[in-house]
Amino acid sequence: MIPLCYAEIGTPYIIKKIGGNHDIKTHLESLGFHSGGEISVVNVLDNNLVVKVKESRVAISSELARRIMV
């Protein structure tokens, strides 16, 4: 299990765990990040990751990406 910020670009992963406080978990879940869901990193721009989740592309900070374990 590794944090999403260390995932390889283009490789599909399954979300194992989402860490952080209740507000962070709620925010990520509202964006479509759920345990058991598939995710892949599309690109890395500065300290932000563009990820594909549920047929959508979402940009998240590397700080949030550290809380998503794949």
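Asp 46 is exposed, with a relative accessible area of 76%. The model is predicted. Where does Asp 46 lie? Its place is the loop between E3 and E4. Its backbone deserves a look too. Asp 46 is not a glycine, yet its phi is positive, at about 55°. Most residues other than glycine have a negative phi.

Now follow the chain on either side of that loop. Strand E3 covers residues 38–45, and strand E4 covers residues 48–53. In which sense do E3 and E4 pair? They pair in the antiparallel sense, over six bridges. Two residues separate the strands, and E3 and E4 form a hairpin. Asp 46 sits in the turn of that hairpin. For a position along this pairing, take Ile 39. Opposite Ile 39 stands Val 53, in E4.

Strand E5 spans residues 56–61. How many bridges join E4 to E5? There are six, and the two strands run antiparallel. Val 51 has Val 58 in E5 as its bridge partner. Lys 52 stands opposite Arg 57, again in E5.

E4 and E5 form a hairpin, with two residues between them. Lys 54 in this turn has a positive phi of about 50°. Glu 55 is found in the loop between E4 and E5. Its phi is positive as well, near 60°, and Glu 55 is a residue other than glycine. Is Glu 55 buried or exposed? Glu 55 counts as exposed because its relative accessibility is 71%, and the cut-off for exposed is over 50%.

Step back to the whole sheet. Which strands form it, and in what order? Four strands take part, in the order E1-E3-E4-E5. The sheet is open, and the pairing is antiparallel. Its edge strands are E1, residues 12–14, and E5. Each of these pairs on one side only. From one strand to the next, the twist averages 40°.

Conventions: Residues numbered from 1 in each chain as written. Predicted model: local features only at pLDDT ≥ 70, side-chain atom pairs only at ≥ 80, totals over all residues. Heavy atoms only, no water. Pairing = 2+ DSSP bridges. Axes fitted to C-alpha atoms, helices over the stretch in contact; angles between N-to-C directions. Buried < 20%, exposed > 50% of the residue type's maximum accessible area, 1.4 Å probe, protein only.
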